[in-house]
Amino acid sequence: MLCVIAKIDAESRQKLNTIRRCAEQYGAAPKNLHGHITLASYLDADDHILISECKAVLKGRQSFCVRYDKIEIFSATSMIAATPCKNEMLCSVHDSLVSISPDLLDKWTRNPVWQPHTTLVYMPDCDLRPVAQAMQAAFSPFTARIEAIEFSKEVDAGYEIIDAVQLE
């Protein structure tokens, strides 16, 4: 699987890391936060061709901001996430990328299912409500800057960034 992800700025990643620490009191040991929003996940794709096509779509794109406005539980995937509002720029980048090979997209990054988010913790077989409530109490809405679009591959230890486009 090839994932195309929007990388958020360092200050915003630190804010989200602080919120994630709330999960430790509930037995969660959160992994390192990469700090991204998944825009597209392509299954069974030729990575080199797809990355080239994505880079062509992204050429000349400016960095942009998203506003994280809440902490939510995603029960279907047993996780808690910080969710930004869908704004014009975020949706434009997403729509441009998913139009490249819509038949290869996983079910989560297709329209209208796609919900932009940054995963804070994954806790299967756990009551996520008290953890989410603690995170919500520590959360204040904020604006993050999308500085780059990265391409990652699934590997045994998680994901590996294999290429990136810095936004202007």
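Asp47 is buried, at a relative accessible area of 17%. The cut-off for buried is under 20%, so Asp47 falls within that class. This is a predicted model.

Asp47 forms a salt bridge with Lys153. Their closest N and O atoms are 2.9 Å apart. The pair links distant parts of the chain. Asp47 belongs to helix α2 (residues 47-58), while Lys153 sits in strand β6 (residues 142-155). The two residues are 106 residues apart. Lys153 is partly exposed, with 22% relative accessible area.

## Lys55 and Asp163

Helix α2 also holds Lys55, whose partner Asp163 lies in strand β7 (residues 158-166). Lys55 and Asp163 form a salt bridge, with the closest N and O atoms 2.8 Å apart.

Asp163 is partly exposed, with 26% relative accessibility. Lys55 is partly exposed too, at a relative accessible area of 31%.

## Arg129 and Asp127

A salt bridge joins the side chains of Arg129 and Asp127. The N to O distance is 3.0 Å. Arg129 is exposed, with a relative accessible area of 54%. That value is over 50%, the cut-off for exposed, so Arg129 is classed this way. Asp127 is partly exposed, at 38%.

## Overall count

Side chains of opposite charge can pair when their charged atoms come close. In this model the count comes to three salt bridges.

How values were computed:
Residues numbered from 1 in each chain as written. Predicted model: local features only at pLDDT ≥ 70, side-chain atom pairs only at ≥ 80, totals over all residues. Heavy atoms only, no water. Salt bridge = Lys/Arg side-chain N within 4 Å of Asp/Glu carboxyl O. Helix = DSSP H or I, 4+ residues; strand = E, 2+ residues; numbered from the N terminus. Buried < 20%, exposed > 50% of the residue type's maximum accessible area, 1.4 Å probe, protein only.
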